[in-house]
Amino acid sequence: MNKFMKIAIEEAFKGLRQNDGGPFGAVIVRNGKIVAKGHNEVIKTNDPTAHAEIVAIRKASAKLKRFDLSDCEIYSSCEPCPMCFAAIHWAKMKKLYYGCTRNDAAKIGFDDKFIYDVIKGTSKKRQVKKVQIDRKECLKPFKEWESKSDKIQY
């Protein structure tokens with residue numbers, strides 16, 4: 001058994017046994033050493049984004065004092081949902097190891113299929129109605145960003 005995946009599983013058990021959230025754990029590793037670990041804290045924090053991977057990414061970024069985690073890897077006890085997979089990309093991580101599949105998660109009530117279908121544009125149902133408003137005013141901060149000389153691109 002992979003030692004980092006074992007810790008991700010331990011995190012999953014910790015979170016579910018403390019009733020912090022679902023049975024998911026994640027570990028972020030850099031140069032063979034654990035930088036951060038986390039488990040699902042959706043119930044504990046009343047934060048729908050507090051998935052194990054997000055919690056671990058937030059901790060790793062705070063510890064390393066940077067948003068670029070491209071020299072890190074993530075171990076997740078389950079295939080990440082679309083939000084977490086996107087966050088792994090935003091953090092620029094190059095490798096993701098996962099245990100259970102999204103189908104395994106769906107079997108216990110954590111089904112991401114609807115979100116995947118919405119992203120792909122194949123869903124007939126729409127949960128969120130998108131309405132564009134005030135584009136002209138919203139472009140103003142974009143224009144200022146574009147000309148900002150001291151911006152930090154990410």
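A: The largest nonpolar core has 21 residues. A nonpolar core here is a set of buried Ala, Val, Leu, Ile, Met, Phe, Trp, Tyr and Cys residues joined through side-chain atoms within 4.5 Å; buried means under 20% relative accessible area, exposed over 50%, and partly exposed in between, with a 1.4 Å probe and protein chains only. The residues with the most contacts inside this core are Ile 28, Ile 57, Ala 60, Leu 69, Ile 74 and Met 93. At least two core residues each come from E1, E2, helix H3 (52–64), E3 and helix H4 (82–90). H3 gives the largest share, five residues. Helices (H or I, at least four residues) and strands (E, at least two) are DSSP runs, numbered from the N terminus. Another core, of six residues, lies apart from the largest one and includes Met 5, Ala 8, Val 27 and Tyr 75.

The model is predicted: local features need pLDDT of at least 70, side-chain atom pairs count only at pLDDT 80 or more, and totals for chains, interfaces and linings use all residues. Residues are numbered from 1 along each chain as its sequence is written, and side-chain values use heavy atoms, with hydrogens and water left out.

Ile 74 is in contact (heavy atoms within 4.5 Å) with Ala 26, Val 27, Ile 28, Glu 53, Ile 88, Met 93, Lys 95, Leu 96 and Tyr 97, leaving aside neighbours within four places in sequence.

The sheet is open and has four strands in the order E2-E1-E3-E4, with mixed pairing; two strands pair if DSSP finds at least two bridges between them. Strand E2 (33–39) and strand E4 (95–100) stand at the edges with a single partner strand each, so one side of each has no neighbour in the sheet. Strand E1 (residues 25–30) and strand E3 (residues 72–78) run antiparallel and are joined by five bridges. Val 29 stands opposite Glu 73 in E3.

Asp 20 lies in the loop between helix H1 (3–17) and E1. Asp 20 is buried but has no salt bridge, meaning a side-chain nitrogen of Lys or Arg within 4 Å of a carboxyl oxygen of Asp or Glu. The nearest side chain of opposite charge, Lys 44, is 4.5 Å away; Lys and Arg count as positive and Asp and Glu as negative, while His and the chain ends are not counted.

Arg 58, in helix H3, counts as partly exposed at 45% relative accessibility. Beyond neighbours within four places in sequence, Arg 58 is in contact with Asp 47 and Thr 49.
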